[in-house]
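Thanks for making the time this morning. I would like to walk you through one model, and I will keep to what can be read from the coordinates, so please have the viewer open.

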Amino acid sequence: VTDERVEVELRAWFADRTDGDVPESLQRYLADLPSVEPRVDSVRRTGTARPFDRSPRDVIRVLVAAAVVVALAAGLGHGLSQRPGPSAGNVPSSPPSQGSMPSSVAPSTAVAPSPSPSVLAGPYRWDLVSSTGELSTYAVVDAIRLHDDTYLAMAFGQEVRALLSQDGRSWTIEPADPGLLRASTDHLSLVAGLAEGNDVLVAVGSSALFDISIGDARAWTSSDGVRWQAAEPSKGFTDAAMEAVVAGPDGFVAVGSDGFPGANTQLPGAHGAAAWTSMDGRSWTRAPAQASFADAIMTGVRRTPAGFVAWGQTLPFAHPGPPPPPIWTSADGIRWVRGRGISDAGGPGSPISSAMSIGDRLVAVGTRRLPDALGAGYAPGAWMSTDGGRTWSSAIVDEGPGMPPRSGGMFDLEVDKPGLIAVGRTEPPTGQEEPGSAAVWRSSDGGVTWVAVPDDPSFARAAMSRIVATGTGFIVFGAVDDPNAAANVALIWVAEKAP
Amino acid sequence: MRLAEASLATSYRLAAHVLGDPAEAEDATQEALLLAWRGWPLLRDRERFGAWFDRILVNACYERLRRRRRSSTVAMPAEVGGGRDELGASVARDVVGRALQGLTAEQRIVVVLRYWRDLPIEEIAERLGIPSGTVRSRLHYALEALRADIDRPPSHSVEVLP
């Protein structure tokens, strides 16, 4: 058989298949579409993504999207329709009315893991310090330890709010700050990253249309973390989003996406990565578009002895085969070099979630694609580079007993002297929508091998997305992770070295 | 949405051919309609609605194929399709239909756009957001796979299908 013959057969086969009249239900759906409440739907869609598709970004997006509904119901959304729209049809068992009524977003003690008596999990004692109350309705998008050993977090609840803490255990939600919230009509301020340097605090993010469909990058500065001032308007902010910021030797470097990624996990509005630099946090310059920015967005950035490392995720559909891994290094924050060498990371379901330097190597964590032989699922992954980020190779992650291994991802990492610690989530490898479990791994050999820390009871039905070192332990931010939970609840743990 | 109404039948059939399952095609089309409705403000050149909507729809289908593949923990002879391919099941003895099931998600999408929608390579590339060289190579491998499958005696292949 020749190719031409196959072509002829194909055309004939398709021509024969005249079946498939448009179902009436679909025509009705289209006719009803203008009355669908898109904001509500965006919550449900992201909220019911297959659990093993979930990245830290998604965990936060679900919480942010839920919060947007609250904000709209609270007054921004005049004439908000309470009528549930037609089903998007792709979720057979959607959680009970999630997002359709503001009350369902309020924290419910029934779904929050109750603060458990501390037990030892690894060398640490894990205390769940927040799972109920107002704080649990705020998704922590980023948190940093300040020069005076206090902590500042940015969170999204009804709107962006600063959280301050002396010890990581008790947090105050600062009053809404007009400087941070000010946005044009129908727009919301979304903060994604925080940094401190040169006696100034910098927050970056975006200003998005109320349904998080379109938006522009934004930055703010503050001296106390409570009152914020918008950065100078810049051409480089248009149709983009800043996702993270870090202080460098000569000011700040922010990274994000060219094109506003939008609220859903397919990132329909993103075209590629983007980076910005600023001396003072007030005036920003966008790095020129470059080849290494293609087909991926940056979601995080850290300092290294040689400059900076940034990471992110590849855009859906960008590559036919395995894409180059979404990890970049840069000496100046302006010119970025994309890493290579990994074939099991990158791609829509397998983002790189964090990276840092330890000794003479770089270590990254995220989600890796399992080989087809293992069911082509996704599992926690770690990688390392010994040549400054140009080539990467896989580290070895303890996946626990059982085959196939538990799926999940490693979402953030920190120094755990003399080694490293990473946090994330795992779930049973059944492929069903089941609750996940928060997970912690430690590496004592510079990121080459990772051992899972035994589960603490507080890890059940939870995911961890962000870890901050305190000097004596860690503060970990996360959320309830249960497809059947009626509400999204933010969680905060404190881990202290057990005596 | 008038624009979507005009092309609803074509869109639904595109999804049905790519997914090989009428129910899933309906879900994917609904999902794409919703995304398009929400993303309408992002579309700068509204003359290009058709290509833009195709791209959203194909993305929705692709996600479904990807998930389907991932949720199957048993190695199957066909990478997509599995046991849920109703349209495929009804034509199980049909050589071409059966061979199509054996293609990867990426290959199946380009084959449907090329031989059912009759789109030129460049337009397929635009819809998928990939270089036209990639479209060409996917088509090439798809045809190769189809040819190998069609050449094989049908009785043997039918037996290995789940």
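Let me begin at Gly408 of chain A, which stands opposite Thr426(A) in strand β25(A). This is a predicted model, so please hear every value that follows as one computed from predicted coordinates. The pair belongs to the antiparallel arrangement of β24(A) and β25(A), strand β25 covering residues 419–427 of chain A, and 9 bridges join the two strands. In chain A, these strands are part of an open sheet of 5 strands with mixed pairing, in the order β23-β27-β26-β25-β24. The edges of that sheet are β23 (396–397) and β24 (407–416) of chain A, each of which pairs on one side only.

If you follow the chain from β24 to β25, you come to a loop of chain A that contains Pro418(A). What kind of peptide bond joins Lys417(A) and Pro418(A)? The bond is cis, with omega at about 5°.

For Asn198(A), phi is positive at about 50° although the residue is not a glycine, and its place is the loop between β7 (187–197) and β8 (200–209) of chain A. Asn198(A) has a relative accessible area of 59%, and because the cut-off for exposed is over 50%, Asn198(A) counts as exposed. Asp295(A) likewise has a positive phi, in this case near 70°, in a residue other than glycine, and it lies in the loop between β14 (285–286) and β15 (296–304) of chain A. With a relative accessible area of 26%, Asp295(A) is partly exposed.

Now to another part of chain A, and to strand β5. Why can we call β5(A), residues 160–165, largely enclosed by the rest of the structure? The reason is that 6 of its 6 residues are buried.

One more residue of chain A deserves a moment, namely Ser130(A), which is found in strand β2(A), residues 124–130. Its relative accessible area is 5%, and Ser130(A) is therefore buried. Leaving aside residues up to four places away in sequence, Ser130(A) touches Leu135(A), Ser136(A), Ala490(A), Leu491(A) and Ile492(A).

Chain A has 5 helices and 30 strands, and 61% of its 499 residues count as buried. Chain B, by contrast, comes to 10 helices and 0 strands, and buried residues make up 54% of its 162 residues. Among the contacts in chain B between residues at least 6 apart in sequence, 64% join residues at least 24 apart.

I would like to close on one helix pair in chain B. How do α2(B), residues 8–19, and α7(B), residues 105–116, pack against each other? They meet at an angle of about 135°, with their axes 9 Å apart. That makes α2(B) oblique to α7(B), and the crossing of the two helices is right-handed. From α2(B) the contact is made by Thr10(B), Arg13(B), Leu14(B), His17(B), Val18(B) and Leu19(B), and from α7(B) by Arg108(B), Ile109(B), Val112(B), Leu113(B) and Trp116(B).

Conventions: Residues numbered from 1 in each chain as written. Chains lettered and ligands numbered in written order. Predicted model: local features only at pLDDT ≥ 70, side-chain atom pairs only at ≥ 80, totals over all residues. Heavy atoms only, no water. Buried < 20%, exposed > 50% of the residue type's maximum accessible area, 1.4 Å probe, protein only. Helix = DSSP H or I, 4+ residues; strand = E, 2+ residues; numbered from the N terminus. Pairing = 2+ DSSP bridges. Axes fitted to C-alpha atoms, helices over the stretch in contact; angles between N-to-C directions. Parallel < 35°, antiparallel > 145°, perpendicular 65-115°, else oblique. Left-handed = near helix turned anticlockwise from the far one by under 90°. Contact = heavy atoms within 4.5 Å.
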